[in-house]
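Student: I would like to learn how to read helices, their packing and a chain interface from a model. Please take the features one at a time.

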Amino acid sequence: MADNAAETKKSASAPEKEQVRKKNKKGVFGEFTKGIIKENPTLVTLLGMCPTLAVTVMASNGIGMGLATTFVLICSNLVISLLKNVIPKAVRLPCFIVIIASFVTLIEFLMKGYLPELYDSLGLYLSLITVNCIILGRAEAFASKNGVLASVLDALGMGLGFTLALFAMGSIREIIGTGKWFGIDLHLPVTMTLFIMSAGGFFTLGVIIALVNRIAGRSAPAEVGCAACPNAANCPSYNKTEGKKEAVSE
Amino acid sequence: MTLIVILLNAILVDNFVLSKFMGICPFLGVSKKLDSAVGMGAAVTFVMVCATLCTYPIYTFILVPMGLEYLKTIAFILIIALFVQLVEMILKKKVQSLYNALGVYLPLITTNCAVLGVTILNVDKGFGFTESLINSLGGGLGFSLALVIFSGVRSRVNSADVPKMFKGVPATLIAASIVSLSFMGFSGLFG
């Protein structure tokens, strides 16, 4: 599994378009499925921790946030893969951020109009989709190097993987914390309010990541999703471990 | 009096990292050593205050009169990105010592949700100019406090013998949950 992921990254970063094309032919569908389980952005590459922890006090909030992020991710990946030859390399990050922020504004309007309750409960975190590192990370690592169809499928897979992780987090926290699921009372004998508080968020995520690692049979990553972070090259804590190797090889 | 309440509230009760979950990436990524935690905290505090200094006038005097409040996300993130770039360039040219201390952390801050979060929060809460600045200062100090405390906790966690499946990030997250639990003791401090 790990080998496969490394291969995907290598071929995506390789300058030869032939290679990329060959891989695309082999499985555009693979771009879609990898984000759901194998490279799940939240549970495996550990990106987008802020919304994962913040909004998952209810299962419905988790789904809402996940779908909103998926929408932004698909649109921004689509636009960025179309514009990848137009955007100058030096200013690509600000360009990506503006594109992403525009779609975030769009989803804010849509949600305010059609789902005002969800809009109120997500609140500030809806605007903060702009700085969700999954979106910027996918733009930088995938959409700016791949074709339109592959980028959209990649976004769809990553978005659904994120939504699933948020739904799982939200369900666990809502059921244990309030004894309800989607607002339906489950008549549990004991509930722990701690789980819908901030401490419970950290705890639940820690346990879920540990379980996922246990099931997948690999050891937990030592780093938070730094490898996929667009700022990795500048980050002091990341450079200490892996960046140096890269610098030497370059 | 209210300004002190806003400041302490932002540092302790509504701590950006531990109760609002903003800036989790640097919180978990840069808190491995005390000195880098202090550097990151100082850089975030500085950028938060200065970003508020820039975004508040733009929101109040440009976006509101023109009825463009909905553009605040795009406007604020652009201002923050521009500002961080500018600060980095100025520090590099003029204040070499400060650049050596904070420079490496600056590019990380552009995509830090705590900075965008605090500017939007100031607007959402309807704070005035001074209140906004104090809230940003408190947010930055609270972020630094959490980072510094956690860097201490983390060095202990790393040397502990935890079960294999919990090694690495899971153990760190559970330690963070306990630190967050201790900060819950401050809730309701100001009603």
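Tutor: What follows goes through the chains, some helices, their contacts and a few backbone angles.

Student: What should I know before starting?

Tutor: This is a predicted model, in which local features need pLDDT of at least 70, side-chain atom pairs count only at pLDDT 80 or more, and totals for chains, interfaces and linings use all residues. Residues are numbered from 1 along each chain as its sequence is written, while chains are lettered from A and ligands numbered from 1 in the order in which they are written.

Student: How many helices and strands are there in chain A?

Tutor: Helices (H or I, at least four residues) and strands (E, at least two) are DSSP runs, numbered from the N terminus. By that rule chain A has twelve helices and two strands. Their order from the N terminus is α-α-α-α-α-α-α-α-α-α-β-β-α-α.

Student: What percentage of the residues in chain A is buried?

Tutor: A residue is buried if 20 or more other C-beta atoms lie within 10 Å of its own, exposed if 12 or fewer, and partly exposed in between, with C-beta atoms placed from the backbone. Of the 250 residues in chain A, 46% are buried. Contacts are a separate matter: two residues are in contact if their C-beta atoms, placed from the backbone, lie within 7 Å. Among contacts in chain A between residues at least 6 apart in sequence, 73% join residues at least 24 apart.

Student: How are two packed helices described, for example α9(A) and α10(A)?

Tutor: Two packed helices are described by the angle between their axes and the distance between the axes. Axes are lines fitted to C-alpha atoms, for helices over the stretch in contact, and angles run from 0 to 180 degrees between N-to-C directions. The axes of α9(A) and α10(A), residues 148–178, come within 11 Å and cross at roughly 150°. The two helices are therefore roughly antiparallel. Angles under 35 degrees count as roughly parallel, over 145 as roughly antiparallel, 65 to 115 as roughly perpendicular and the rest as oblique. The contact includes A:Ile134 and A:Phe142 of α9(A), and A:Met158 and A:Phe162 of α10(A).

Student: And α8 and α9 in chain B: at what angle do their axes cross?

Tutor: The axes of α8(B), residues 129–159, and α9(B) come within 10 Å and cross at roughly 135°. That angle makes α8(B) oblique to α9(B). Among the contact residues are B:Ile149 and B:Val153 of α8(B), with B:Ala175 and B:Val179 of α9(B). By class, the contact has eight nonpolar, one polar and one charged residue. Here Ala, Val, Leu, Ile, Met, Phe, Trp, Tyr, Cys and Pro count as nonpolar, Asp, Glu, Lys and Arg as charged, and the others, Gly among them, as polar.

Student: How many residues make the contact between the chains?

Tutor: The size of an interface is often given as the accessible area lost when the parts come together. Here residues are counted instead: 43 of chain B are in contact with 42 of chain A. On the side of chain B that touches chain A, α2 (24–29), α4 (72–93), α6 (106–109), α7 (113–124) and α9 (169–183) each supply at least two residues. α9(B) gives the most, with eight. That side of chain B divides into 29 nonpolar, nine polar and five charged residues.

Student: Why is α7(B) called largely enclosed?

Tutor: Ten of its twelve residues are buried, so α7(B) is largely enclosed by the rest of the structure. Among the buried ones are B:Cys113, B:Gly117 and B:Asn122. Just after α7(B), B:Gly126 has a positive phi of about 70°.

Student: Where do residues other than glycine have a positive phi?

Tutor: One of them is B:Phe21, with phi near 55°, in the loop between α1 (2–13) and α2 of chain B. B:Phe21 is buried, with 27 other C-beta atoms within 10 Å. A:His187 also has a positive phi, about 50°, and lies in the loop between β2 (184–185) and α11 (198–216) of chain A. A:His187 counts as exposed because it has 7 C-beta neighbours inside 10 Å.
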